[in-house]
Amino acid sequence: MYSADGTFPDSDSLKRAGEKASLSFGQGELLATPLQMAAAYLALTDGGFYKYPYLVRGRVDSEGIYTPYERKPDSKIMKEDTSEKIRELLLDVVEIDKE
């Protein structure tokens, strides 16, 4: 039970200002479920590992036999230092300067 893969615009289409603006608020060629976006942000802030989201661990048939679903393996999508920098930048956006 997997959702369809999302899509992300390629670098050529992001050269157009309108496409870049549309991407900034989740429109245009970007196709992703809220759960996929949550998993993407987790990867950005958790060492660069994409953990495929799942909502159901398995199923129980009519005879009460439990069968677990096979999870997709986690994927390393960026360097850990890149993930750390993104985490810092995301925190900078929401932290209040107390000076």
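Ser83 is found in helix H3, which covers residues 80-94. The structure is a predicted model. Ser83 is buried, because its relative accessible area is 0% and the cut-off for burial is under 20%.

The surroundings of Ser83 were then examined. Leaving aside residues up to four places away in sequence, Ser83 touches Ala43, Leu44, Thr45, Asp46, Gly47, Gly48 and Met78. One of these residues, Gly47, also has its backbone nitrogen 3.0 Å from a polar atom of the Ser83 side chain.

Aromatic rings were considered next. A search of the whole structure finds one aromatic pair. The ring centres of Tyr50 and Tyr52 lie 4.9 Å apart, and their planes meet at 85 degrees, so the pair is edge-to-face. The angle is over 60 degrees, the limit for that class. The two partners fall into separate accessibility classes. Tyr50 has a relative accessible area of 15% and is buried. Tyr52, at 28%, counts as partly exposed.

The mean pLDDT of the chain is 83. A value of 70 or more is reached by 95% of the residues. Among the elements, strand E3 (residues 66-68) has the highest mean pLDDT, 94. Helix H1 (residues 17-24) has the lowest, 80. Where pLDDT is low, the predicted coordinates should not be read in detail.

Notes: Residues are numbered from 1 along each chain as its sequence is written. Side-chain values use heavy atoms; hydrogens and water are left out. Rings of Phe, Tyr and Trp (its six-membered ring) pair if their centres lie within 6.5 Å; planes under 30 degrees apart count as stacked, over 60 as edge-to-face and the rest as tilted. Buried means under 20% relative accessible area, exposed over 50%, partly exposed in between (1.4 Å probe, protein chains only). Helices (H or I, at least four residues) and strands (E, at least two) are DSSP runs, numbered from the N terminus. A polar contact is a pair of N or O atoms within 3.5 Å; within protein, one must be able to donate a hydrogen and the other to accept it, and residues adjacent in sequence count only if both atoms are side-chain atoms. Contact means heavy atoms within 4.5 Å. pLDDT is the predictor's confidence in each residue, from 0 to 100.
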